[in-house]
Amino acid sequence: MPLFKLSISTFGLEAGGAASDLLTELAEPRALAVTLFEDGPASFLIEAYYETEPSLEAAADALSALRAGLGEAMLEAVPEQNWVALSQAALPPIAAGRFVVHGGHDRARVGARRIAIEIEAGEAFGTGHNATTALCLEAIDRLTRHRCFARVVDLGCGTGVLAIAAARVLPGARVLAVDNDPLATAIARTNARLNGVGRHVRVIDASGFAHPLLRPPRAFDLVLANLLPGPLVELAPAMRRALRPGGVAVLSGVLDHQAREVGASYCAAGFRLLARSRRAGWTVLTLVRVTPHSTRHSWPERTCAACARKLLKPLAALGYTVDIKPPAPPTSQLSFWLRQGVGFRDDGWA
Ligand code: SAH
């Protein structure tokens, strides 16, 4: 199947960056990959690849606000034999946030503006070409612009691409990369060294949080998990234990129609939704671990526990968790704790 390549030369890094961002975000035509290369002093080249022939007019329309710094757009069909080469040994670089993920063959070509991560396409998952990875890289980019995370876990690290990205933008952080596939952990170790973060990324063979280094409660500030909905839902309580209050979980590997269920189980486990991003049918959820707000109340008079339970029943329907405590001396009054749960509503997460 042929691919279509749209090339635009730009003058200046700012115009190039803005144009490549616009093409990346454009829904129609939807690019498979957009890259920005430096090809001379102050001269940059954008290459966008499409599965079906894109409309030059639609692309030009989207870029019309930037015309000043842009050259003529050129469209060409990439012949079939090139497509095979591209999809195997020579996958085009992928830009995501401040990162560009590329193979060894593009080492010399990647632009100066992005943080380059070199990953060879191989047996482990995670070259950045799948939207589930690219969306996580964008989430790491956004989260680390204004906030520092000291202890990070990449759960299901594959090639280690997310752990490497986190280590590159959080130079002081300790990053644990975990996978239950020994082939993936071997590849992640090699990739961490190759990308100069071998000392900051520790790669662990484990399933979920089942490893002594991952067991201390409230130890982590950020967990990146590009898994599947089933394991994500199963891991929600462990994720809550592992993260400190205010810590962030980035969940990926979730199709748009599965996001509701995954989000609801994390909200029930004590998380609140911070952000949700979507691409190519995939959703990434960014959640913060909250400590539910609790308040203590007492009855003015003596009340039996059974009556108290009956009286408080309607509160559960309003999303409250109610804990009834027996009277503690010196008072003889029954007291109850109301915890305001983080619930799930039809219009999103509350
Ligand atoms: N983080 C990479 C790779 C994601 S693919 C990226 O974002 O591109 C998911 C990886 O998770 C696979 O390598 C798989 O072996 C691993 N995995 C799946 N379930 C796991 C579990 N319960 N514990 C640890 N690793 C798991």
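Buried residues make up 37% of the 350 residues in the chain, where buried denotes 20 or more other C-beta atoms within 10 Å of a residue's own, exposed denotes 12 or fewer, and partly exposed lies in between, with C-beta atoms placed from the backbone. The model is a predicted one, in which local features need pLDDT of at least 70 and side-chain atom pairs count only at pLDDT 80 or more, while totals for chains, interfaces and linings use all residues. Residue numbers start from 1 along each chain as its sequence is written. The chain has 9 helices and 19 strands; these are DSSP runs, numbered from the N terminus, with helices being H or I runs of at least four residues and strands being E runs of at least two. Two residues are said to be in contact if their C-beta atoms, placed from the backbone, lie within 7 Å. Among contacts between residues at least 6 apart in sequence, 65% join residues at least 24 apart.

Helix α5 is mostly covered, with 8 of its 9 residues buried. The buried residues in α5 include Val 161, Leu 162 and Ile 164, as well as Arg 168. Strand β8 is also mostly covered, as 4 of its 5 residues are buried. Strands β8 and β9 run parallel and are joined by 5 bridges, two strands being paired if DSSP finds at least two bridges between them. Within this pair, Arg 151 stands opposite Arg 174 in β9.

Strand β5 (residues 94–96) runs antiparallel to β6, with 3 bridges joining them, and Ile 94 stands opposite Val 101 in β6. The hairpin of β5 and β6 has 2 residues between the strands, and Gly 97 takes a positive phi near 60 degrees there. Strand β6 (residues 99–102) points Phe 99 and Val 101 one way and Val 100 and His 102 the other way, and all are buried. With strand β7 (residues 115–118), β6 pairs in the parallel sense over 4 bridges; Val 100 has Ala 116 as its bridge partner in β7.

Helix α7 (residues 229–242) has 14 residues and should span 20 Å at 1.5 Å a residue, which agrees with the 19 Å between its end C-alpha atoms; the expected span is 1.5 Å times one less than the number of residues. A bend of about 50 degrees occurs in α7 at Ala 236, and a proline, Pro 237, follows within four residues. The bend is the angle between axes fitted to the seven residues ending at a residue and the seven starting there. Leu 232, Leu 235, Ala 236, Met 239, Arg 240 and Ala 242 are the buried residues of α7. They pack against β11 (220–226), β12 (243–255), α8 (259–268) and β14 (282–289).

Several loops also deserve a look. Glu 28 and Pro 29 are joined by a cis peptide bond, with omega about -5 degrees, and Pro 29 is placed in the loop between α1 (13–25) and β2 (33–40). Arg 218, a residue other than glycine, has a positive phi near 55 degrees. This arginine is found in the loop between β10 (201–205) and β11. Arg 218 is partly exposed, with 13 other C-beta atoms within 10 Å. Ala 280, likewise not a glycine, has a positive phi near 50 degrees and is found in the loop between β13 (271–279) and β14. Ala 280 counts as exposed because it has 12 C-beta neighbours inside 10 Å. Gly 281 lies in the loop between β13 and β14, and is exposed, with 9 other C-beta atoms within 10 Å. Leaving aside neighbours within four places in sequence, Gly 281 is in contact with Leu 255 and Asp 256. The C-alpha atoms of Gly 281 and Asp 256 are separated by 5.6 Å, although the two are 25 residues apart along the chain.
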